[in-house]
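Dear colleague,

Please find the structure below, handed over for your records. My notes on it follow.

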Amino acid sequence: MEIVCIDKQTFEELRERFCKLEEKVTRMCRPMEDLGLKKWLDNQEVCEVLRISKKTLQVYRDKGILPYSRIKHKIFFKTEDVHKLLESNYHHLKREL
């Protein structure tokens, strides 16, 4: 085993650099914070949730039934808007006794 001696100032500089490196690696490895992006669904996800075809979803967009956001050629929907569409079309079961 070899022992290396360094002065205190050099040791503190190395320790500080190592701590900064550790912080960077931790930030890179940690899952991205939500930033509200989990609230958005793409075409395929909306079709799966509503159990409709892509053509039907396009009709909903064209008629203004379901609001959306477009970035280049990609379309996104807010989960709240999909939920509102489902709620607005909900029909209570009326039972007569």
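**Findings**

Lysine 72 lies in the loop that joins strand 2 (69–71) to strand 3 (74–78); helices (H or I, at least four residues) and strands (E, at least two) are DSSP runs, numbered from the N terminus. Although lysine 72 is not a glycine, its phi is positive, at about 55°. With a relative accessible area of 75%, lysine 72 is exposed, where buried means under 20%, exposed over 50% and partly exposed in between (1.4 Å probe, protein chains only).

The model is predicted: local features need pLDDT of at least 70, side-chain atom pairs count only at pLDDT 80 or more, and totals for chains, interfaces and linings use all residues. Residues are numbered from 1 along each chain as its sequence is written, and side-chain values use heavy atoms, with hydrogens and water left out.

Arginine 51 also has a positive phi, near 55°, in a residue other than glycine. Arginine 51 sits in the loop between helix 2 (43–50) and helix 3 (54–62), and is exposed at 77% relative accessibility.

Overall, the protein has 4 helices and 3 strands, in the order α-β-α-α-β-β-α from the N terminus. Its radius of gyration is 27 Å, whereas a compact globule of 97 residues would have one near 13 Å; the radius is taken over C-alpha atoms, and the globule rule is 2.2 Å times the number of residues to the power 0.38. Along the principal axes, the C-alpha atoms fill a box of roughly 90 × 45 × 25 Å. Of the 97 residues, 14% count as buried.

The structure holds 3 salt bridges, each defined as a side-chain nitrogen of Lys or Arg within 4 Å of a carboxyl oxygen of Asp or Glu. One joins glutamate 12 and arginine 15 at 3.2 Å, N to O. These two residues are 3 apart in helix 1 (residues 8–29), and so about one helical turn separates them. Another links lysine 20 to glutamate 16, with the closest N and O atoms 3.7 Å apart. Lysine 20 and glutamate 16 are 4 residues apart in helix 1, again about one helical turn.

Aspartate 42 and lysine 74 also form a salt bridge (3.6 Å, N to O). This pair connects distant parts of the chain, with aspartate 42 in strand 1 (residues 40–42) and lysine 74 in strand 3, 32 residues apart. Aspartate 42 is buried, at 19% relative accessible area, while lysine 74 is partly exposed, at 40%.

Yours sincerely
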